[in-house]
Amino acid sequence: MASITIDNVVKQFANQTVLQNLSLHVPDGAFYTLLGPSGCGKTTLLRCIAGFNDPDGGRILFDQDDVTRVSTHHRDIGMVFQDYALFPDKTAFDNVAYGLRARKVPKADIARRVNEALDKVSLLALADRYPAQMSGGQRQRVALARALVIRPRVLLMDEPLSNLDAKMRLQMRDVILDLVREAGITTVFVTHDQEEALAMSDRIAIMDRGSIAQLGTPEELYGTPVNAYVADFIGSANVIPVPAEPTGGAASHVRYRLCGQQLDGMQGSAALGAQGILIARPEALSLMAPAPHVPNAIAGEVLRRQYLGFKTAYRIRLHDASEIRVELHAGNMVADFQAGDAVQVLVPADSRIVGA
Ligand SMILES: Nc1ncnc2c1ncn2[C@@H]1O[C@H](COP(=O)(O)OP(=O)(O)OP(=O)(O)O)[C@@H](O)[C@H]1O
Ligand SMILES: [Mg+2]
């Protein structure tokens, strides 16, 4: 096992800079996820760590070893690809044995280790099957066993679950986590499924056009996103421009208004005169019938109400014609509202403001 240090890595294809001085440290044994939209550079970064891509600048270290110029074969990595990349003409057993044979492991050890690996992914009974005779989930597990059997220092997984149906994806999350935790393998996982990232990761790196927009625990990214991009990418958020106005007091003091209503107690800040962005999770907001003098209450009208069982989702139109989404959970819903009702949206005092 090893920590991974990505130090100022640059990667260019033709004229396009795909990774821009990207730095990231993955501690030994941690499970980190790269999350971001298509084309942001997730696969490119993973391929740089694996040694399939040569960075144009920067360094990659496994523990203290600089592996930037070390070939893939000598990096001691296990890799699982989105399409599994199994050998179609080899059985499950031979697919898993491949890396051990390449490393000239003695025959008796190969049999023992392959059987052990297949057993861990519950595929011992299918050892003699060819990939074409297996389901997507079974192939995926062969790929996982093949990556783990060599006892790699680092495990790299590029959207390994994206070809599976919803139920299998959920099951495989647990299989993967159990295996990597048990082996203590440092893992970099790529997905563009935010729920998968939240559920599985020690830390998530949200990528934006070749850079890391924010690195944090799932709780940090959800609770304190640094900008609207991150807020919008993780979970769903109302992202509402609120100009930072002078208060008339000390020069550094600003206040925010939404539809003419002052917002008190906001966390974070935008520069005076700049645009602030209020980030409000739908479930953090609440609704009440119109009443005078309620702090942080913004008047609006219910456009649509959707009952979703454990929660009810509302689209509210504010007086400036902008829309805001509010979700009330069944357990703490004090009042219900219908389309056409006049309401007030309550913005909690610790809501977050970031710079635009
Ligand atoms: N071999 C290559 N030659 C030229 N351009 C490339 C090459 N590989 C990747 N790119 C470009 O680099 C950018 C990042 O690609 P990358 O595959 O890393 O994105 P990604 O985040 O993995 O996206 P996805 O979620 O769609 O898999 C894209 O614009 C892509 O077109
Ligand atoms: Mg990719």
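This is a predicted model: local features need pLDDT of at least 70, side-chain atom pairs count only at pLDDT 80 or more; totals for chains, interfaces and linings use all residues.

Me: OK, helices. At what angle do α2 and α4 cross?

Reply: Roughly 25°, and the axes of α2 (residues 92–102) and α4 (residues 136–149) come within 8 Å. Angles under 35 degrees count as roughly parallel, so α2 is roughly parallel to α4. The crossing of this pair is right-handed.

Me: Which residues make that contact?

Reply: On the α2 side you have Ala92, Asn95, Val96, Tyr98, Gly99 and Leu100, and α4 brings Val142, Ala145, Arg146 and Val149. Sorted by class, the α2 contact with α4 has seven nonpolar, two polar and one charged residues.

Me: And α2 against α3, what's the geometry there?

Reply: Helix α3 covers residues 107–120, and it packs on α2 at an angle of about 125° with the axes 9 Å apart. That makes α2 oblique to α3. The α2 and α3 crossing is right-handed.

Me: Who meets whom between α2 and α3?

Reply: From α2 it's Ala92, Phe93, Val96, Ala97, Leu100 and Arg101, meeting Ile110, Arg113, Val114, Ala117 and Leu118 of α3. The class count for α2 with α3 is nine nonpolar, no polar and two charged residues.

Me: What about α3 and α4, how do their axes sit?

Reply: The axes of α3 and α4 come within 9 Å and cross at roughly 135°. The two are therefore oblique to each other, and their crossing is right-handed.

Me: Which side chains are involved in α3 and α4, by residue name?

Reply: Arg113, Val114, Ala117, Leu118 and Lys120 of α3 meet Ala145, Leu148 and Val149 of α4. By class, that α3 contact with α4 has six nonpolar, no polar and two charged residues.

Me: Switching topic. There's an open sheet of five strands; in what order do they come?

Reply: The order is β15-β19-β16-β17-β18, with antiparallel pairing.

Me: Which strands are at the edges?

Reply: β15 (286–288) and β18 (323–329). Each has a single partner strand, so one side of each has no neighbour in the sheet. As for twist, it averages 45° from one strand to the next.

Me: Zoom in on β16 and β19 for me. How many bridges join them?

Reply: Five bridges, between β16 (residues 297–307) and β19 (residues 342–346), and the two strands run antiparallel.

Me: Which residue in β19 is the bridge partner of Ala297?

Reply: Leu346 is the one in β19 that partners Ala297.

Me: Does Met266 count as buried or exposed?

Reply: Buried, because Met266 has 22 C-beta neighbours inside 10 Å, and 20 or more is the cut-off for that label.

Me: What does Met266 touch, leaving out residues up to four places away in sequence?

Reply: Tyr256, Ser351 and Ile353.

Me: And how far is Met266 from Leu278?

Reply: They're twelve residues apart in sequence, and 8.7 Å apart in space going C-alpha to C-alpha.

Key: Residues are numbered from 1 along each chain as its sequence is written. Chains are lettered from A and ligands numbered from 1 in the order in which they are written. Axes are lines fitted to C-alpha atoms, for helices over the stretch in contact, and angles run from 0 to 180 degrees between N-to-C directions. Helices (H or I, at least four residues) and strands (E, at least two) are DSSP runs, numbered from the N terminus. Angles under 35 degrees count as roughly parallel, over 145 as roughly antiparallel, 65 to 115 as roughly perpendicular and the rest as oblique. A crossing is left-handed if the near helix is turned anticlockwise from the far one by less than a right angle, and right-handed if clockwise. Two residues are in contact if their C-beta atoms, placed from the backbone, lie within 7 Å. Ala, Val, Leu, Ile, Met, Phe, Trp, Tyr, Cys and Pro count as nonpolar, Asp, Glu, Lys and Arg as charged, and the others, Gly among them, as polar. A residue is buried if 20 or more other C-beta atoms lie within 10 Å of its own, exposed if 12 or fewer, and partly exposed in between; C-beta atoms are placed from the backbone. Two strands pair if DSSP finds at least two bridges between them.
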